[in-house]
Amino acid sequence: MRLLETLRTGWGSIISHRLRSGLTMLGILIGIAAVILTVGLGLGSQKQVGAQISSLGSNLLIVSPGSTTSSAGIRGGFGSASTLTTVDAKALASKVAAPDIGAVAPVKTASESLTNGSTNWTTSVVGTTASWLDVRSRTLSSGRFITQDDDDAQATVAVIGSQTATELYGRTDVVGQTFTVNNIEFTVVGVLASAGSDSSSSLDDQAVVPLATAANRVVGGTTKNSVSTIYIQAASSDQLSAADQEATALLLQLHHITSSTSADFSIASQESLLDTATSVSKTLTVLLTGIAALSLLVGGIGVMNIMLVSVSERTREIGLRKALGAPPSAIRRQFLVEATILGLAGGLLGAVLGIVGAKVLPHFITTELVISPLAVGGSIVIAVAIGMIFGVYPAARAARMAPIDALRSE
């Protein structure tokens, strides 16, 4: 029997049992769609995490202070001590001491209540320098950013986020407006463009003021020269590792620490954060994809069951063909073609359903789904392979039938 005739006969057999064929393809269809959506969800999560980490700034190193230990021996964890100072930030900005560091932005953060008339809003007041805007890769939607002159004069000026502006004033065109913090009046000189949120807070809800103003007029106290974080921008992405080593060596020297294992600070890079987050996302994606792939196994078993039923129903047809001279290979090929068509049809329909789902689901969930051409193409190939593999036994069983026994069957 020629291949074209085999295909025509196989398709005719599938069409003549539409309901049974449809139910057989349903298992494969659901499995393929589940795999595509699961992979898309994993890739979307990785993309979203990558974007959030990138929003911190380009070629970024984040220096955090060390931990405190109470009199009872309780350790507070990284970031609980006041081991970083403005002196450290100035030293890191030196081109002589750290030539691979492009810019440095020390940050002093405090949660404060901002008041505008009868309206108040509690947010993060961020004291920093003029380099913060570039180091954190932020832009302005209106106005200007704080300058070195503002810092030198301890000026009471502020650049606020769009969400902060909305909460305080009900709008974002607020350049020239004022608010008070601890009975000190600040003038809004700029509004930050929206940047969404990072893993812990909204990047659009903050008030940025000059570092000296925050230290001496907002926070004060004995730790006014300390900073919460120092953001370091490497001169280029290729110099990130070198900048990390220079920052570590310089801070150890400034803090009179001889061993890096005893460091009272920690330095994290975008690469390490991204690698960790991506590793977690990949692990979850593999796990969920494996679970979704189980439905493909169920679909394959369904194909085998249906083909076995088909062999039983068409015993006389098989006997007649063999009596007329059809070789076992032709009978075997006939049933393999039918199983392959079922797998291919289920795979194509599952791919369509998965792609449509990837377009529709983001309207109902917060995570983006990324359609992977490799996942779509691979799923279709797997569906065809499942049809062929699970069709081998029924096809072999049909090919082994003796003509006389098949013709006697009722």
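Predicted model: local features only at pLDDT ≥ 70, side-chain atom pairs only at ≥ 80, totals over all residues.
A residue counts as buried when its relative accessible area is under 20%, as exposed when that value is over 50%, and as partly exposed in between.

What does aspartate 204 pair with? Its partner in a salt bridge is arginine 138, and the closest N and O atoms of the two are 3.8 Å apart. Arginine 138 has a relative accessible area of 7%, so this residue is buried as well. Aspartate 204 sits in the loop between strand E7 (184–192) and strand E8 (206–210), while arginine 138 sits in the loop between helix H4 (132–135) and strand E4 (140–143), so the pair links parts of the chain that are 66 residues apart in sequence.

The count of salt bridges comes to 3, so let us visit the others, because a nitrogen of Lys or Arg within 4 Å of a carboxyl oxygen of Asp or Glu is what qualifies. Arginine 144 meets aspartate 150, with the closest N and O atoms 2.8 Å apart. Here the arginine is partly exposed at 35% relative accessible area, whereas aspartate 150 is buried at 8%. Aspartate 173 and arginine 171 form another salt bridge, at 3.3 Å from N to O. In this pair aspartate 173 is exposed, with a relative accessible area of 55%, and arginine 171 is partly exposed, at 35%.

Next, take a look at tryptophan 121, which lies in strand E3 (residues 119–128). Is this residue buried or partly exposed? Its relative accessibility is 24%, and because that falls between the 20% and 50% limits, tryptophan 121 counts as partly exposed. Setting aside neighbours within four places in sequence, tryptophan 121 is in contact with Glu112, Ser113, Leu114, Thr164, Glu167, Leu168 and Asp205. With one of these, aspartate 205, there is a polar contact between side chains at 2.9 Å. Threonine 164 is 43 residues away from tryptophan 121 in sequence, yet the two C-alpha atoms are 7.7 Å apart in space.

Now step back to the whole chain. The chain contains 13 helices and 10 strands, and 44% of its 410 residues count as buried. Among contacts between residues at least 6 apart in sequence, 74% join residues at least 24 apart.

Where do the nonpolar residues gather inside? The largest nonpolar core has 29 residues, and Ile28, Ile32, Met307, Val311, Ile318, Phe335 and Ala398 touch the most other members. Helix H2 (18–54), H9, H11 and H12 each supply at least two residues of this core, with H12 giving the most, at 8 residues. A second, separate core holds 22 residues, including Ala91, Leu92, Leu240 and Leu251.

The accessible surface of the chain is about 20100 Å², and 60% of it belongs to carbon and sulfur atoms. A nonpolar patch there has about 1100 Å² of accessible area together, and its members include Leu41, Val280, Leu284, Val352, Leu361 and Phe364. Helix H9 (270–313) and helix H11 (328–360) are the elements that give two or more residues to the patch, and H9 gives the most, with 5 residues. Leucine 361 is found in the loop between H11 and helix H12 (373–399), and its relative accessibility of 34% makes this leucine partly exposed.

Note on methods:
Residues numbered from 1 in each chain as written. Heavy atoms only, no water. Patch = residues over 30% accessible without salt bridge, like charges linked within 9 Å, V, L, I, M, F, W, Y side chains within 5 Å. Areas by Shrake-Rupley, 256 points an atom, 1.4 Å probe, with all protein chains shown as cover. Salt bridge = Lys/Arg side-chain N within 4 Å of Asp/Glu carboxyl O. Helix = DSSP H or I, 4+ residues; strand = E, 2+ residues; numbered from the N terminus. Buried < 20%, exposed > 50% of the residue type's maximum accessible area, 1.4 Å probe, protein only. Contact = heavy atoms within 4.5 Å. Polar contact = N/O pair within 3.5 Å; in protein donor to acceptor, adjacent residues only side chain to side chain. Core = buried A, V, L, I, M, F, W, Y, C linked by side-chain atoms within 4.5 Å.
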